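Let's take a walk through this model together, one region at a time. Have the sequence and the 3D view side by side as you read.

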Amino acid sequence: MNLKELSKHLGLSQTTVSRALNGYPEVSEATRARVVAAAQAHDYSPNTRAQGLATGHSRCIGHVISVGDSGEMVNPIFGDFMAGAGETYAEHGYDMMLTRVGERDEAETYRRLKARGAVDGIVMHAPRFNDSRLQLLDDLGLPFVVHGRSSGARVPYSYLDVNNRRAFYEATRHLATLGHRRIALINGQEKLDFAIRRRKGYEEGMEASGLIVDPALMTQDEMTEDYGYRSAVDMFDLADPPTAFLVSSIICAAGVRRALDDRDLRAGQDVSIATFDDCLSYFRNSAVPPVFTAMQSSVRAAGKALAQMLIDRIDTPGAVHVHTLWEAEFVVGGSTGPLKE
């Protein structure tokens, strides 16, 4: 049943029915109750585009990804985040808009989305150090939330993040207590805030363990399986190779394990691997015991929670900003063990 048919059935104008369903105050409560009951009885679902024209809301959430971060769009971590966010959007009647833009076009894209009224809010991804996008979105008055944090930023904003610094500190300390002294860090791109925090946690863990940080054992790049493999291969060729790896993604950790296989080395016996694990739907570290020792946090759950945070902000624009920091769960798996003498 469409709006015209519902209006005819009720004996009301289409304008009155639309206003009743959209909460306009000039419609009496009795009329509103009758319209809502009829809409439910006849499975009427309002046209969201038409609703947007009437109410000034698009019922759409924007996700803007720049070319510099475009690898994220094909990364299973991003896919799981979007799956979680999509669950929340569907519950509240929102659609999502995913836009890929050139790095220089990102600011203009936000301005255009705001001017067109194309989205009601933005989820900002891959925050960088002192990220200029925060100030821009705040100036535009476009509701937004951030997946992660931006060190050095002075603009107030709502975010959901994992305590990356503490997770990597604890993982480094765990490897050190197993006797490892040559601990490598295979990190994400350190232009991104999460990777900066992870490196700091690693460095602090090394210092607390009385160990020297060797730049030759630290790498940063896009977190792919091949990157993990190449990094491990290069480090194994050093005169004093690492005996343990701390890795920023389970995807990279799979590459490190492949490098071990090439040299007939066994994870957890000859070389240890500890990794960050986003609890990916199609790449689960869920064996008993787990394959990898890991710092676990569900990116799908993060997507679901952050989407709700944004919808709440859209509903109450002046609300106090929400800062949510999750602690990763440390799980000991088969990929770590005492230093082999």
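We will look at a helix, then the nonpolar cores, then the cysteines.

This is a predicted model, in which local features need pLDDT of at least 70 and side-chain atom pairs count only at pLDDT 80 or more, while totals for chains, interfaces and linings use all residues. Residues are numbered from 1 along each chain as its sequence is written, and side-chain values use heavy atoms, leaving out hydrogens and water.

Start with helix 3, residues 29-41. Helices here are DSSP runs of H or I with at least four residues, strands are runs of E with at least two, and both are numbered from the N terminus. The 13 residues of helix 3 reach 18 Å from the first C-alpha to the last, close to the expected 18 Å; that expectation is 1.5 Å times one less than the number of residues.

Which residues of helix 3 are buried? They are Arg-32, Val-35, Ala-38 and Ala-39. Buried means under 20% relative accessible area, exposed means over 50%, and partly exposed lies in between, using a 1.4 Å probe and protein chains only. Down the axis of helix 3, the buried residues fall within an arc of 135°, so they line one face; the arc is taken from the directions from the helix axis to the C-beta atoms. An α-helix has 3.6 residues a turn, so residues three or four places apart point the same way. The buried residues of helix 3 pack against helix 1 (3-10) and helix 2 (14-21), with contact meaning heavy atoms within 4.5 Å. On the face turned away sit the exposed Glu-29, Ala-30, Gln-40 and Ala-41. Just after helix 3, Asp-43 takes a positive phi of about 55°.

Now turn to the largest nonpolar core, which has 43 residues. Such a core is a set of buried Ala, Val, Leu, Ile, Met, Phe, Trp, Tyr and Cys residues joined through side-chain atoms within 4.5 Å. Among the residues touching the most other members are Tyr-89, Phe-245 and Val-256. Helix 12 gives the most to this core, with 8 residues. Val-256 has contacts including Ile-186, Tyr-229 and Ile-273. A second, separate core of 18 residues includes Val-64, Ile-122, Leu-134 and Tyr-157.

Finally, the cysteines. A search of the whole structure finds 0 disulfides, a disulfide being a pair of cysteine sulfur atoms within 2.5 Å. The sulfur of Cys-279 is 16 Å from the closest cysteine sulfur, in Cys-252, too far for a bond. Cys-252 is buried at 0% relative accessible area, whereas Cys-279 is partly exposed at 22%.
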